[in-house]
Amino acid sequence: MKKLVIVVLCAVGGLLIATSIAQENAKKEVMKTQETAPAAPTAKVEKTDAEWKAILTPEQYRVLRQAGTEPAHSAVYKQFKEQGGGTYFCAGCGAELFSSKHKFDSHCGWPSFYDATDNKNVILKDDVSFGMIRTEVLCAKCNGHLGHLFKGEGFDTPKDQRYCINGVTLLFVPEGGKTPEAKAPAEEGKQ
Ligand SMILES: [Zn+2]
């Protein structure tokens with residue numbers, strides 16, 4: 001009988017040790033996961049209406065912050081058509097949005113791209129305003145309205161989709177030029 005008690009006690013003891021080792025390993029695993037976790041998603045840029053008005057032109061404010069649309073075939077669109085190789089950044093927050101590689105002439109009167117350079121900086125949202133079902137394109141960083149995305153229009157591009165973007169929301173930097181990040185530290189210094 002004593003033997004049986006000892007065996008049972010040993011078994012319980014062994015189980016307790018095994019459980020505690022397992023818990024310890026689980027803790028280590030969690031720590032390891034935290035250490036190697038990828039960087040947080042794009043940091044958000046949040047400003048008050050007054051702050052946006054101070055840094056944007058009235059037309060940029062109307063489009064980016066009030067989901068407006070610039071007139072078709074505007075002066076900005078004409079400039080866009082003449083621009084060569086480079087990158088397009090958000091005029092509100094400087095996030096990288098589009099590349100001249102994906103630019104194409106859709107003859108619609110607004111800058112057109114068939115893809116976004118880095119889709120993590122572009123978010124899509126259902127838009128049912130004006131009695132239409134459309135996909136709104138927003139900047140992921142500042143939530144600024146950029147334009148709309150249309151699919152299946154039959155354009156001869158690698159992806160049959162058109163990011164129809166308001167030119168005033170874009171900041172063009174030619175290849176080899178300084179990115180808007182150069183502006184960011186000064187902005188931060190002001191705060
Ligand atoms: Zn932005």
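Q: In this predicted model, in which sense do β5 and β6 pair?
A: β5 and β6 are joined over four bridges. The sense of the β5 and β6 pairing is antiparallel.

Q: Which residue takes a positive phi in the hairpin of β5 and β6?
A: Five residues lie between the two strands of this hairpin. The phi in question is near 65°. The residue that takes it is N143.

Q: How many bridges join β6 to β7?
A: β6 and β7 run antiparallel. Across this pair, K151 stands opposite Q161 in β7. The number of bridges joining β6 to β7 is five.

Q: Why is β6 largely enclosed by the rest of the structure?
A: β6 has seven residues. A residue counts as buried if 20 or more other C-beta atoms lie within 10 Å of its own. β6 is largely enclosed because the number of its residues that are buried is five.

Q: Which strands stand at the edges of the open sheet of three strands?
A: The order is β2-β1-β8, with antiparallel pairing. Each edge strand has a single partner strand, so one side of each is left without a neighbour in the sheet. The edge strands are β2 and β8.

Note on methods: Residues are numbered from 1 along each chain as its sequence is written. This is a predicted model: local features need pLDDT of at least 70, side-chain atom pairs count only at pLDDT 80 or more; totals for chains, interfaces and linings use all residues. A residue is buried if 20 or more other C-beta atoms lie within 10 Å of its own, exposed if 12 or fewer, and partly exposed in between; C-beta atoms are placed from the backbone. Two strands pair if DSSP finds at least two bridges between them.
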